[in-house]
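Visitor: I'm new to reading structures. Can we walk through this one together?

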Amino acid sequence: MKPTKVYVIGVSLGGSVLSHALTQIKVDGAVIMNAPINFPKVMDHVKKGFGGYLNRAFGAEFIKTLLPHQSNEEIIKAFKKEHKLDLRKLISNLKKSPDTFYFHKKMISQTFGFDSNEDYFESTSCHKIIKNI
């Protein structure tokens, strides 16, 4: 069998994830586009930028991602069992106040074992590792 070349592309947060993967795997080529290189700094701008508009706008987009799953009992039960997360409550709270940081705290930071949002932002940021790729 002829060897296959592997090329990868990561966009936005996917670019940040890809940058971490590239420190451990070898590929023939990679493109990282629009990645938040310094994630903590980017999130600070999201929180404060345009009077908090970006925070609310991103929070509203996260709601759209979750809404299709609010009736899926299998997913609701899985989140409760695996992550101790009440998905319906999360959706309800986001509807009342679309907040990116609340979403990250409940859906990402706690689910994946980070101590806080700040820990999540710093740990997944690629600004410290991108020079090693």
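Visitor: What kind of link do the side chains of Lys 48 and Asp 44 meet in?
Guide: They meet in a salt bridge, at 3.2 Å from N to O. A salt bridge here is a side-chain nitrogen of Lys or Arg within 4 Å of a carboxyl oxygen of Asp or Glu. Keep in mind that this is a predicted model, where local features need pLDDT of at least 70, side-chain atom pairs count only at pLDDT 80 or more, and totals for chains, interfaces and linings use all residues. Residues are numbered from 1 along each chain as its sequence is written, and side-chain values use heavy atoms, with hydrogens and water left out.

Visitor: Where do Lys 48 and Asp 44 lie?
Guide: Both lie in helix α2. They are four residues apart, about one turn of the helix. Helices (H or I, at least four residues) and strands (E, at least two) are DSSP runs, numbered from the N terminus.

Visitor: Is Lys 48 buried or exposed?
Guide: Lys 48 is exposed, because its relative accessible area is 55%. Asp 44 has 35%, so Asp 44 is partly exposed. The cut-offs: buried is under 20% relative accessible area, exposed is over 50%, and partly exposed is in between (1.4 Å probe, protein chains only).

Visitor: How many salt bridges does the structure hold?
Guide: Four. One of them joins Glu 73 and Arg 88, with the closest N and O atoms 2.3 Å apart. That pair links distant parts of the chain. Glu 73 is in helix α4 and Arg 88 is in helix α5, 15 residues apart. Glu 73 is partly exposed at 39%, and Arg 88 is partly exposed at 36%.

Visitor: Stay with Arg 88. How far is Ile 76 from Arg 88 in space?
Guide: It's 7.5 Å, C-alpha to C-alpha. In sequence, Ile 76 and Arg 88 are twelve residues apart. Ile 76 is in helix α4.

Visitor: Which residues is Ile 76 in contact with, leaving aside neighbours within four places in sequence?
Guide: His 69, Gln 70, Leu 87 and Arg 88. Contact means heavy atoms within 4.5 Å. Ile 76 has a relative accessibility of 5%, so Ile 76 counts as buried.

Visitor: New topic. How many helices and strands are there in the protein?
Guide: Seven helices and two strands. Along the sequence, the pattern reads β-α-β-α-α-α-α-α-α. The C-alpha atoms fill a box of roughly 50 × 40 × 25 Å, taken along the principal axes. Of the 133 residues, 29% are buried.

Visitor: At what angle do helix α2 and helix α7 pack?
Guide: About 130°, and their axes are 7 Å apart. So α2 is oblique to α7. Angles under 35 degrees count as roughly parallel, over 145 as roughly antiparallel, 65 to 115 as roughly perpendicular and the rest as oblique. The axes are lines fitted to C-alpha atoms, for helices over the stretch in contact, and angles run from 0 to 180 degrees between N-to-C directions.

Visitor: Which residues meet there?
Guide: From α2, Phe 39, Pro 40 and Met 43. From α7, Tyr 120, Phe 121, Glu 122 and Thr 124. Glu 122 also has a salt bridge with Lys 128, at 2.7 Å from N to O. Glu 122 is partly exposed at 31%, and Lys 128 is partly exposed at 48%.

Visitor: What about Ser 16, buried or exposed?
Guide: Buried, because Ser 16 has a relative accessible area of 2%. Ser 16 lies in helix α1. Not counting residues up to four places away in sequence, Ser 16 touches Ala 35, Pro 36, Thr 124, Ser 125 and Cys 126.

Visitor: Now the surface. Which residues make the nonpolar patch?
Guide: Ile 9, Val 11, Val 31 and Met 33, over about 360 Å². Strands β1 and β2 each give two or more residues to the patch. Patches are made of residues with over 30% relative accessible area and no salt bridge: like charges are joined within 9 Å, nonpolar side chains (Val, Leu, Ile, Met, Phe, Trp, Tyr) within 5 Å. Accessible areas come from the Shrake-Rupley method with a 1.4 Å probe, and for residues only the protein chains shown count as cover.

Visitor: Where is Val 11 found?
Guide: In strand β1. Val 11 counts as partly exposed, because its relative accessibility is 44%.
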